[in-house]
Amino acid sequence: ALAPGPIGAAHMLAQSPGYSSDCEGTPGQQSPYMWPLRWTALTESKSLAYESDEVQYESRGRVWYMSDRNWKRSDTWYQRGVQRAVGQSPCKDRVDDKDQPFACRRDGPVNRTVLHRGEKMV
């Protein structure tokens, strides 16, 4: 199962040793239509301000999943705009905004990799 809540889109349950394509006792048992255990995708993310259609921050990269080992790798190679997120990478160019303590200007190329190995993340 994917982790509950907002992190569910990015993380599998950290305590799981991995997943199988044969989910015993479920409708998907031995189904040829099961999601592949290993896959990759190009990613593009755009963040909007509250009650606005204006893009505040965008990034592009690639993600790899190895569900059978509960591993994920995420690479980012492009970013532009002001990122406002809890848990983001360290900021070298903080935006002076008392209402947005996490605001960080991120423009230009970037080479960033995040690795998830079960409950560990680097």
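This is a predicted model: local features need pLDDT of at least 70, side-chain atom pairs count only at pLDDT 80 or more; totals for chains, interfaces and linings use all residues.
A search of the whole structure finds seven salt bridges, a salt bridge being a side-chain nitrogen of Lys or Arg within 4 Å of a carboxyl oxygen of Asp or Glu. Residues are numbered from 1 along each chain as its sequence is written, and side-chain values use heavy atoms, with hydrogens and water left out.

Let me start with R38 and D68, whose side chains meet in a salt bridge at 2.9 Å, N to O. This pair links distant parts of the chain, 30 residues apart, since R38 belongs to strand β1 (residues 38–48) and D68 to the loop between β2 (55–66) and β3 (71–84); strands here are DSSP runs of E, at least two residues, numbered from the N terminus. R38 counts as partly exposed at 47% relative accessibility, and D68 is partly exposed at 28%, where buried means under 20% relative accessible area, exposed over 50%, and partly exposed in between, with a 1.4 Å probe and protein chains only.

A second bridge joins K46 and E44 at 3.5 Å, N to O; K46 is partly exposed at 47%, whereas E44, at 52%, counts as exposed. D107 and R105 form another, at 3.2 Å, N to O, with D107 partly exposed at 44% and R105 partly exposed at 38%. Salt bridges that share partners also join E44, K46, E58, R60 and R80 into one network.

Turning to the rings, how many aromatic pairs does the search of the whole structure find? There is one, and in it the rings of W39 and Y65 have their centres 4.6 Å apart and their planes at 25 degrees, so the pair is stacked (ring centres of Phe, Tyr and Trp, the last by its six-membered ring, lie within 6.5 Å in a pair, and planes under 30 degrees apart count as stacked, over 60 as edge-to-face and the rest as tilted). W39 in strand β1 and Y65 in strand β2 are 26 residues apart; W39 is partly exposed at 26%, while Y65 is buried at 11%.

Methods:
Helices (H or I, at least four residues) and strands (E, at least two) are DSSP runs, numbered from the N terminus.
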